[in-house]
Amino acid sequence: MLGRYIKSVGIAELLLALSVLILVVVVAVPVLLIVWTALFVDGQLNIKDIVMVLSEPDTYEALKNSLVIAGGVTFLSTIIGVFFAWLVSRTDLPFKNTMKLLFLIPFMLPSFIGALAWKMLLSPRSGYVNKFLMNTFGLEDSPFDIYGLIGIIAVETMYLFPFVFIQVSGALERMDPTLEESARISGAGLLTITRKITLPLMLPSIVAGALLVALYSLAHFGVPAILGTEVGIYNIPTKIYERIYQSAGSFDAIRTGTILSSILVISAGLILYAQSFILKAGRFQVIAGKSMRPTLLKLRGLKMPLLVLSILYIAITVILPTVTIFMVGSLKTYGLEFNLENMTLDNLTYILFDWKMTKDAIWNSFYLSLAAAFVTMLVGTLISYVIVKMKVRGKFILEFLGVLPFSLPGTVIALGVILMWSGKFGINLYNTAWIIFVAYVARYMAFSLKSNSAALEQVHDSLEEAARACGATHWQALKDIVIPLIKPGMVAAFFLIFLPALRELTTSVLLYGPTTRTIGVAIYTLNEDGETVYAAALASIALVIIVVGQLVIKRITRSNVEGV
Amino acid sequence: MSYVKLQNITKRFGSVVAVNDLSIEIEKGECFSMLGPSGCGKTTTLRMLAGFEDLDEGEISVGEQLFSSSHKGYYLPPEKRNFGMVFQAFAVWPHLNVFNNVAFPLQIRGLSRAEIGERTKSAILHTGLARYENAYPNELSSGQKQRIALARAIAINPAVMLLDEPLSNLDPKLREEMRFEIKDLQRKFGFTIVFVTHDQSEAMALSDRILVMRDGVAQQIDTPLNIYTKPANRFIFSFIGLSNFLPVVVKKGSVYIEGVEDSGPVSKTLPDGVSSDRLTLACRPSEVDLVKSGGVKAIVKRKVYLGEIIDYRIMVGGTEVRVQKGRRSTHFAEGDTCCLKFSRPIWYPGD
């Protein structure tokens, strides 16, 4: 018996060691390398350089822009998200359930494709809306200019507000309706209740959603790259990209990148810390005991205007840009009018079957996402199992390392893998697909850990113990009991990684080589090179893949739920 | 003189009739409870009285004031009804401390600071929360949370108090304690109580009158004693306590238990108004006598000691009967033959 006991402890520690090793190599060392490179030159602490880099006007400007953009996007997303969440869960708005699904669509659309569409609609010289308005009203100047901070903030908000929307509408639906009813019976009207009871109770969810938006926007590459670079407006990620590409990857540029990245990591860490702090402080028990429908505010005369407003919002932010991408993607030349004579399917066939660059990009994205999703899912299951289920000493190291990926922006991960895998440690993956693969694993580890640990926490320890009591070995209990039970979580993790990886831009754009473009990179570089029509055609293919992917996930996750 | 009046109220959710043509009259100062299994419409009725649900038919009024009326299209919103109400899940606001939770209804009414302070303190004192005035709900136990809800409800000194299963989230010991406290508060403040519960002993302990409901229809409105001793139908009989039902047949003016007609009749007189020759005998396990001879023949199947009482399962004819006797009574062993005497049988129509 004793021998056997010792043996099983051995396995546990082996698993722990393996999980720690993977996280260290994939996540921790790259981050340490960034901080090290930022702080030390030739092995010596060098603060002076850091101050110098940060006081250069254009890095300083990038920092400021990142803050302004993140601040603006967070503010607007919070207002829009809270308003629509309240509208669909607390009022008698018609078609609420449909509207709720519609408000989630921007989530699955890549924001850089949205930015591309808005550029086509609202760029001052050639934007279709501008041209239309100028012709119709005989204007001298174009009425809109999408380039610049305001344009960037507006477009990012369109795609990021669902973070707040999901958090708040979820919290509103889970909230115990008697909390509001007891205020009502106490004599308070609906407005007073909203102000004094509902909003204060929702505050933690609102702040949590807002911080997610801030975290995402601060480190976002796509929209500022498309709508800012052209007019000389950079945020931190686009500045890092510009420096590295201008100097063809010189050490100086990479060092500036690491300094700016360190700032991103620190801000992300602060944001996540603030979030966990707020969630802990505000963990009110507002979950309903028995389900009762909450009292809905009767909109009366405002019903139709608010419905029209919601539909208009969806039409402008989702349908208009999507349609624009498809229309421009089938134009013979960019700038032509939209009529059947000017339309063609040649762009699509050329991109899909004839042009090696785009064919490669689609293929690269597919196999890289597939491989990264599969590996990250498995590794994530292993690490989550050790974190959630095993009682091993030294687990806290893993818990700390496990939180790390959550706070790493894509740009930072890209720089980290460049430092780690470009020959410094004997392995040079630069310009190969492998470096993108490693970066994807690091970037999406957080998703896998989240989904897998959530699934594992649902599996009560006694289920595994019951299997052991029936005579199963640890491995048999795992294989026959635990894994079948967490399979939905694993499948969810796979798709949570596969779909975003398919359209990834921020990380890939710093890592791609001549033959390793991904779909995102190809769309971005086509747009940079002025091949707007081909960029739009490839973007429309990407959109079709994304929509089909989402439908497949829905089917699979639904049948999974039915299975359990 | 009835005070709270619900007249012919009906409520439908889609095609489901949640409450069907229900009429209740409650007197001032009465403690009236609505009892029934979940889904029987008792909570819906209370929510219509509170104003959270509209009526499809009928009228609700309290005193001289009309609250809801379907045919007049009139509906007074809950915040104008001046009720005190306590919910099952406590519904105390986690972002406000005890004082502010209790003061909320007074603040809404725009009273002066001094008066709010005075009345809040009094309500807190009466519910035994004086030490916790500045505590937040998540620092308190569930019993204390329910006391906050009670204090908040009595703060405005309401004429009518609505209680929606206020005790079912508490543990059994606390539940019994709170029954007395609610009763004491009622004596002190003189409000009328309308109480919803699925727990029959709670309804018995608290109420002056009980309404038993099933599938949205009133079954019986009566005092606790009458509900227990004279249940109007089989459903109430079985809902209100432990129960046995035995099929019986009527032959030549006497009543026999089916299958054991040879051991003699259980009753030589027919219950009033019987026309059918098949009936059901209903009895409580404690109201069956277990004797050596001189009753209906039966066999002891199972015997379980429950401390103070002994719980027998006994086969009579083809039916199993549950009998509970004090531990000092004559014992029978499993497998023994015995005789049953039914001291207070109640008759319902046969199956």
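Tutor: With 19 C-beta neighbours inside 10 Å, Asn82(B) counts as partly exposed. Please bear in mind throughout that this is a predicted model.

Student: Why is Asn82(B) called partly exposed?

Tutor: A residue is buried if 20 or more other C-beta atoms lie within 10 Å of its own, and exposed if 12 or fewer. Asn82(B) has 19 such neighbours, so the label partly exposed applies. This residue is placed in the loop between β6 (74-75) and β7 (84-86) of chain B.

Student: What is stated about the phi of Asn82(B)?

Tutor: Its phi is positive, at about 60°, although Asn82(B) is not a glycine. Asn8(B), likewise not a glycine, has a positive phi of about 50°. Asn8(B) is situated in strand β1 (residues 2-13) of chain B.

Student: What makes Asn8(B) partly exposed?

Tutor: Its count is 13 C-beta neighbours inside 10 Å. A residue counts as exposed at 12 or fewer and as buried at 20 or more; Asn8(B), with 13, therefore falls in between and is partly exposed.

Student: Which confidence values accompany chain B?

Tutor: On a scale from 0 to 100, chain B averages a pLDDT of 90, and 99% of the residues score at least 70. The model scores ipTM 0.80 and pTM 0.80.

Student: How is chain A divided into domains?

Tutor: The assignment gives domain 1 (1-40 + 345-564) and domain 2 (56-109 + 147-291). Their C-alpha centres lie 24 Å apart.

Student: How many residues of domain 1 of chain A are in contact with domain 2 of chain A?

Tutor: Contact requires C-beta atoms within 7 Å. There are 22 residues of domain 1 in contact with 22 residues of domain 2 in chain A. Elements of chain A that each supply at least two residues of the domain 1 side include α1 (2-39) and α23 (532-563). By class, that side has 15 nonpolar, seven polar and no charged residues.

Student: How is chain B divided?

Tutor: Chain B has domain 1 (2-237) and domain 2 (242-349), with C-alpha centres 41 Å apart.

Student: Which residues touch the most other members of the largest nonpolar core?

Tutor: Among its 247 residues, these are Leu116(A), Val417(A), Ile497(A) and Leu538(A). Helix α9 (residues 190-218) of chain A gives the most to this core, with 14 residues. Leaving aside residues up to four places away in sequence, Leu538(A) touches several residues, among them Ile351(A), Ile519(A) and Leu526(A).

How values were computed
Residues are numbered from 1 along each chain as its sequence is written. Chains are lettered from A and ligands numbered from 1 in the order in which they are written. This is a predicted model: local features need pLDDT of at least 70, side-chain atom pairs count only at pLDDT 80 or more; totals for chains, interfaces and linings use all residues. Domain bounds come from an automatic or database domain assignment. Two residues are in contact if their C-beta atoms, placed from the backbone, lie within 7 Å. Helices (H or I, at least four residues) and strands (E, at least two) are DSSP runs, numbered from the N terminus. Ala, Val, Leu, Ile, Met, Phe, Trp, Tyr, Cys and Pro count as nonpolar, Asp, Glu, Lys and Arg as charged, and the others, Gly among them, as polar. pLDDT is the predictor's confidence in each residue, from 0 to 100. A nonpolar core is a set of buried Ala, Val, Leu, Ile, Met, Phe, Trp, Tyr and Cys residues joined through C-beta atoms within 7 Å.
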